[in-house]
Amino acid sequence: SFVHSKSLEVLEVLHDLAVFVDEKGVIVAIEEHCDKQQALQVIAPKLGWTIGDVSVRVAAPGQFFFPGFIDTHIHAPQYPNVGIFGKTTLLDWLNTYTFPMESSLSSISKAKRVYTRCIQRTLSHGTTTASYYATISVPSTNLLSDLCLTLGQRAFIGRCCMDSLAPDYYRDESAATSIADTKATMDHIAKIDPTNALITPIITPRFAPACTRELMHGLGALQKETGFPVQTHISENKNEVKLVKEMFPGFESYTHVYDGHGLLTPKTILAHAVHLTEAEVDLIKAREGKISHCPCSNSAITSGTAKVRMMLNKGLDIGLGTDVSGGYSPSILEAVRQASLVSRHVAMEGDDDSKLSIEEVLYLGTKGGAKVVGLEDKIGSFGLGMEWDAQLIGLGNVPVDVDQDGIEEESPVDIFGWENWEERIAKWVFNGDDRNTLAVWVKGRLVHERK
Ligand code: GUN
Ligand code: FE
């Protein structure tokens, strides 16, 4: 069984399907009404494959293959802080928890521990692609690129650029050094993954308040020169919006600040977008900018409720972000669930049409995210010529683990066999966790398996 999004509204469930993945991780054939024997005896030979070289994975009853999740916004160096936010809101949260932690990861040994666990944990939750913010440190940003490549997670890696309004102990010396250091991290990726098969640099001005105009101009020019994507934060918190208004008085809005510096492009991922005006959404649409919706974070640090339905209705491409550690969970399944709940809060504030369906929130976590990172032709759903970034999900009564006493630990999603597939998937979305994530592949490589 395979489940994936065809569109925002349509989640397709297919049974007795066989998907054939070659040694490069590309889907080279898809057969309907196919069992294991037919796959091996009939189709594999047609592809020129020797049966002895083929490995087979069958989804047992109650199991299904699902596209890998795409986390369009996550801060790897904040991983040790998940769940630690007290009663802070964005600006005091940054100073209290975030800058000290990020700054401490210029220690390579510390960064290695943190980044390894962050990648392993997110893989174990089915995140096959992540758009990471690293820190200002070049060596530790390069280490994050190395580790993603080694552990097999598809990733966008951004050295965090900030030459203004940040503490002395954690700030770029100047716009010039910030840009030069960013180029150094791009050169490193060019060495380890020259075709960006798995790892791609992403230009990362932290957010307007932490960047001088000179830096933003320079990074905008770098985008134009290299064609690499951009990620930043936008309109997350009301005090932040007010600060941007004060710091950049010549600009009509927060969105105009990025637009005026060459940073609002079709390859730009804007995280949060909680307090955007409709005029700003129109400008983002005109520039084909992308949105990362971070519902866990927006609730945890009380930023607000993003108006996802309004942005979808205006035609924006939207994906989900954990925003670890503004967000408390490294799981995109949790972000899927929280996107549903936050949309219900928006509905309770007024417009019932704001509610997002299960189909819609799962789309945001997969195919929507693929569009946001510019990879919808490769990942986010299953199709001929696409790459095998997938997870095997097991529900109800599927023995997924054996505890120390040898007792089988069961899936937290109890299904009884009488539910239809729509109901099973609803149960997974609202009750599932990494115990249901039995195996994970990126580009055909098995990168996680639940023991
Ligand atoms: N705005 C600027 N930096 C950050 C960050 O690290 N996390 C969040 N959520 N918002 C930000
Ligand atoms: Fe963030």
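Me: So which domains is the protein chain divided into?
Reply: Domain 1 covers 2-67 + 386-449 and domain 2 covers 69-372, with bounds from an automatic or database domain assignment. Bear in mind that this is a predicted model, where local features need pLDDT of at least 70, side-chain atom pairs count only at pLDDT 80 or more, and totals for chains, interfaces and linings use all residues. Residues are numbered from 1 along each chain as its sequence is written, while chains are lettered from A and ligands numbered from 1 in the order in which they are written.

Me: How far apart do the C-alpha centres of domain 1 and domain 2 lie?
Reply: They lie 30 Å apart. The contact takes 22 residues from domain 1 and 22 residues from domain 2, where contact is C-beta atoms, placed from the backbone, within 7 Å.

Me: And which element gives the largest share on the side of domain 1 that touches domain 2?
Reply: H14, with 4 residues. Elements giving two or more residues there are helix H14 (421-431), strand S19 (437-442) and strand S20 (445-449). Helices (H or I, at least four residues) and strands (E, at least two) are DSSP runs, numbered from the N terminus.

Me: Switching to ligand 1: which residues are around it?
Reply: His 75, Leu 90, Leu 94, Thr 98, Arg 206, Phe 207, His 233, Glu 236, Ser 297, Asp 323 and Gly 326; the cut-off is a C-beta atom, placed from the backbone, within 6 Å. Helix H2 (residues 90-104) provides the largest share of that shell, 3 residues.

Me: Now sheets. What's the strand order in the open sheet that has S12 in it?
Reply: S12-S13-S14-S15, with parallel pairing; a pair needs at least two bridges found by DSSP. Strand S12 (230-234) and strand S15 (317-320) are the edges, each with a single partner strand, so one side of each has no neighbour in the sheet.

Me: Which helix packs on that sheet?
Reply: Helix H13 (residues 358-372), which touches S13, S14 and S15. Its direction makes about 125° with that of S15; axes are lines fitted to C-alpha atoms, for helices over the stretch in contact, and angles run from 0 to 180 degrees between N-to-C directions.

Me: What about the open sheet with S6, what order is that?
Reply: S6-S7-S8-S10, 4 strands with parallel pairing. Neighbouring strands of this sheet are turned by 15° against each other on average, direction ignored.

Me: How many bridges pair S8 and S10?
Reply: 3 bridges, in the parallel sense. In S10, Ile 199 is the bridge partner of Ala 155.

Technical notes:
Contact = placed C-beta atoms within 7 Å.
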